[in-house]
Amino acid sequence: MEDLIRIENLVKIYERGEVLALNDVSTTVQKGEFLVLLGLSGSGKSTLLRCINRLIEPTAGTIVFDGKDVTKASSRQLRHLRRRMAMIFQQFNLVKRSSVLTNVLSGRLGYVNPAASAIHKFAKQDIADAMACLERVGIPEQAYKRADELSGGQQQRVGIARALMQQPDLLMADEPVSALDPATAHSIMQYLEQMNQEDDVTVVTSLHFLSLARRYGARILALKDGEIVFEGSPAEIDKVKFKEIYGEDAEEVEVR
Ligand SMILES: Nc1ncnc2c1ncn2[C@@H]1O[C@H](COP(=O)(O)OP(=O)(O)O)[C@@H](O)[C@H]1O
Ligand SMILES: [Mg+2]
């Protein structure tokens, strides 16, 4: 298997508060993999995801994406690399006052520049493609509504449609289902699974619950205080490892 992402000795120190958010993190993500990031809140999951596309600037270390050094990329090279990396977020990050369709179309522009996409003129083909993406997530009838009129689950489907529109090699999802009820969470996770299996998109997603990670993840990487405390298959997480990741007092809960 070929590596899609290689992370070497990644360090992130936030100047403000002098927080060591990532401490010497190294790992590789293979093409086609479905990797789940686990860890308590504050363990560094969002920081790790955002270093990969340099939404956050790493303090030290190297990130290589499909053979190209992201950490050394010029802003022009970075723009090209980011087109291949889609991202969805816990709070959906849609342009609330724009239509659902406009939000999906912005995926075509590569990295989301919401201001630019709102005034951008799109070709007929782009609009047909965006509608097809909305059909895939089951909400074509919502296309002309304002994004903020939709329920949370529907907004996250728009986020997925926007990611599909981007035709990415990598989908990064930062707690994509943490704001959703369990039933909706599963339906969203199934779209991620489908992108992974049918569109050959490599998925890296942080998740709150181990039960979701077990169900959808092929491999799990757990962080604690910015360091990797576990890396392996879901089946390898026993009671002892669970306590290492979540702390002594934690109990495993099921998301049904
Ligand atoms: N912009 C920031 N400025 C200062 N500290 C931050 C910032 N973002 C995150 N942190 C800190 O970095 C650590 C890791 O945070 P984060 O990556 O958000 O963890 P997670 O996503 O696992 O909850 C935490 O201690 C958090 O408080
Ligand atoms: Mg986070």
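**View 1. The residues around ligand 1 in this predicted model.** Strand E2 (19-30) and helix H1 (45-52) each supply at least two shell residues, and H1 gives the most, with three. Helices (H or I, at least four residues) and strands (E, at least two) are DSSP runs numbered from the N terminus.

**View 2. Protein atoms beside the oxygen atoms of ligand 1.** A backbone N or O atom of Gly-42 lies 2.7 Å from a ligand oxygen, and one of Gly-44 lies 3.0 Å from a ligand oxygen. From the side chain of Ser-46, an N or O atom is 2.8 Å from an oxygen atom of ligand 1. On its own, ligand 1 has 560 Å² of accessible area (Shrake-Rupley method, 1.4 Å probe), and the protein covers 66% of that.

**View 3. Helix H6 against helix H7.** The axes of H6 (residues 152-165) and H7 (residues 182-198) come within 10 Å and cross at roughly 10°. These axes are lines fitted to C-alpha atoms over the stretch in contact, with angles running from 0 to 180 degrees between N-to-C directions. The two helices are therefore roughly parallel, a term for angles under 35 degrees. On H6, the contact (heavy atoms within 4.5 Å) is made by Gly-153, Gln-156, Arg-157, Ile-160, Ala-163 and Leu-164; on H7, by Thr-184, Ile-188, Tyr-191, Leu-192 and Met-195.

**Reading the views.** Residues are numbered from 1 along each chain as its sequence is written, while chains are lettered from A and ligands numbered from 1 in the order written. Local features need pLDDT of at least 70, side-chain atom pairs count only at pLDDT 80 or more, totals for chains, interfaces and linings use all residues, and side-chain values use heavy atoms, leaving out hydrogens and water.

Definitions and conventions: Near = heavy atom within 4 Å. Polar contact = N/O pair within 3.5 Å; in protein donor to acceptor, adjacent residues only side chain to side chain. Parallel < 35°, antiparallel > 145°, perpendicular 65-115°, else oblique.
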